[in-house]
Amino acid sequence: MFDVADTTAAKVTQMFAAIIMFVAVVGVILFVAGLAKGRRSDRVVAYAYLAPTLLMVLVGLIYPGLRTIYQSFFDAAGDAFIGLGNYQTIFSETDQLTVLRNTFFWVLVTPFVATAVGLLYAVLIDRARLESFAKALIFLPMAISFVGASIIWRFMYEYRPNQGNVKQIGLVNQILVWLGGEPQQWLVNSPLNTFLLIIVMIWIQAGFAMTVLSAAIKAIPDDIVEAARLDGVTAFGMFRFVTLPSIRPSVVVVLSTIAIATLKVFDIVRTMTGGQFNTSVVANEFYSQSFRSDNQGLGAALAVLLFVMVIPIVVYNIRTLRASEAR
Amino acid sequence: MSATSTPVTTTPPVTPPPVAAAARARKKLTRPWASLAALILAVLWTLPTFGLLVSSFRPQRDIRTSGWWTAFTDPQFTLDNYRQVLGTEQGSGLGAYFVNSFIITIPAVIIPVTLAALAAYAFAWIKFPGRDILFVAVFALQIVPIQVTLIPLLTLYVDADLKGFWPIWLSHSAFGLPLAVFLLHNFMKEVPAGLLEAARIDGAGHVAIFFRVLLPLLTPALAAFGIFQFLWVWNDLLVALTFAGGGTEVAPITRALADLSGTRGTAWHLLSAGAFVAIIVPVIVFLAAQRYFVRGLLAGSVKG
């Protein structure tokens, strides 16, 4: 039951055993909750229903989170207290500063470009023929894993030396050659390579932006659009003075959601360059330091930094939403 | 906007009736240049995937020596790449990892959905001391990056001697719970209170109300979160790297694919076929349940 299964049959058996065990636990909770009688029975039911969730987030999120914060003040082996030493390293070592610079590029570029593309596309295909098909095309990358997307794009950027009758197999270099240029090792040249990795994230996130913003555009009351139209507003004026103000709260949500997702992504960097050629970001550096370099302290500090960077985005998001609700 | 489109947009309105104006507004957006721009974006977004898909059916030698676009002038297709990447002899044996992905994903979806439904019910429809603060706490945990939790969790699992799929099932369940509780709570709040009141007057307890009244109404919400969690778990790499080990016992296909990309980065016949073996399941789930997915997306982000 708790052993490591090695045949497919054993794995499937173990999975069903786990599910049955889980169902039994839930059954016991429901049964116990059903027994509660009297004035305070509501309370008993509530706590019984909440118990598994609270236990899981306590053990799975809160305790480990606090533990990591604590660990971030210790050295590589986790033994000696070094105060803010790890944070000092992050903000002073050359390699770490490159990591910070790249993370800054990622968080700055990805949300704005992905949202702009998603918004443009949503406006272009709004009420067009084949709208749902057109949406699915942009939307589909969201279903693909970061690893899969990275392989798709690494193939786009693939480089073959420019000699004899060697042909390019990557589309980007082939287009360059067709235009009369020299093929490039795209993923090697810093800092351009970071932006080429960012394109992968934009490619994935534009569909999310498009979906949410398209729904927001459709929610704009028809009479506002008609009134503006009667006033003779141009297409651009319509977008600038009617569409954009109406969907502003959604735009903020989309921007911040993508920014947060971007901060946490490490799969793209790991799969495409492995963090080489000056492409590492905080999330990837966390993984390398924690699991490859065995520097527990620095890894913990990087994870905490990731957490700290998420907070202002969330706060901004909540404040904008509050303001728009108050209006 | 090109110069040719400007005259159209600046034509002064001839004070048409409102209905015509609305119809015209609709028409404007389907003008040729808008369609063209949309088409260019759609092609840009589809081409990368399409290129690798075509490549995955081309013979190994062809992939190495010519671009996938030449397959249209000289079409030669084969299933060898898929055979090789899935098979165990002299291949990469992705088949076992593919099975693992299912074994990991199914409980990692069922567990958080069920637990979150119970918790969301308590938060939405039972009054008890500390309700608001607990709800905000669970809600706020959504922002915790899972990176923060990994090392201490790994230590916990080792100390508890939990092996195999257990650490992955439990981790994914815990990580998914805050969003699940939040989404299901939002949906549950929309159920009219009168419906629950009527059931209560009929003598139904919490368990009966939960199963007979709420659960049928909640199916779309459960589906919405279920799809989120399915895609998230199936596509995850970080949790798998931390808790799964590299062997065929536990590791999912994303991990096997990432390893293949690391060790045989130029073996495009394997990588292309492998990528599509990994991609096909979430894409099918996604297309089949797109409606629920969009609903969940909007409930989760538009309301905030």
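Student: What does the secondary structure of chain B come to?

Tutor: This is a predicted model, where local features need pLDDT of at least 70, side-chain atom pairs count only at pLDDT 80 or more, and totals for chains, interfaces and linings use all residues. Residues are numbered from 1 along each chain as its sequence is written, and chains are lettered from A and ligands numbered from 1 in the order written. Taking DSSP runs numbered from the N terminus (helices: H or I, at least four residues; strands: E, at least two), chain B has zero strands and 15 helices.

Student: How do α11(B) and α14(B) cross, roughly parallel or roughly antiparallel?

Tutor: The axes of α11 (residues 206–235) and α14 (residues 268–288) of chain B come within 10 Å and cross at roughly 170°. Axes here are lines fitted to C-alpha atoms, for helices over the stretch in contact, with angles from 0 to 180 degrees between N-to-C directions. Under 35 degrees counts as roughly parallel, over 145 as roughly antiparallel, 65 to 115 as roughly perpendicular and the rest as oblique, so α11(B) is to α14(B) roughly antiparallel.

Student: Which residues of α14(B) make that contact?

Tutor: Contact means C-beta atoms, placed from the backbone, within 7 Å. α11(B) brings B:I227, B:F230, B:L231, B:W234 and B:N235. On α14(B), the partners are B:V281, B:P282, B:V285 and B:F286.

Student: Which helix gives the largest share of the side of chain B that touches chain A?

Tutor: The contact takes 98 residues from chain A and 95 from chain B. On the chain B side, 13 residues, the largest share, come from helix α6 (residues 94–125) of chain B.

Notes: Contact = placed C-beta atoms within 7 Å.
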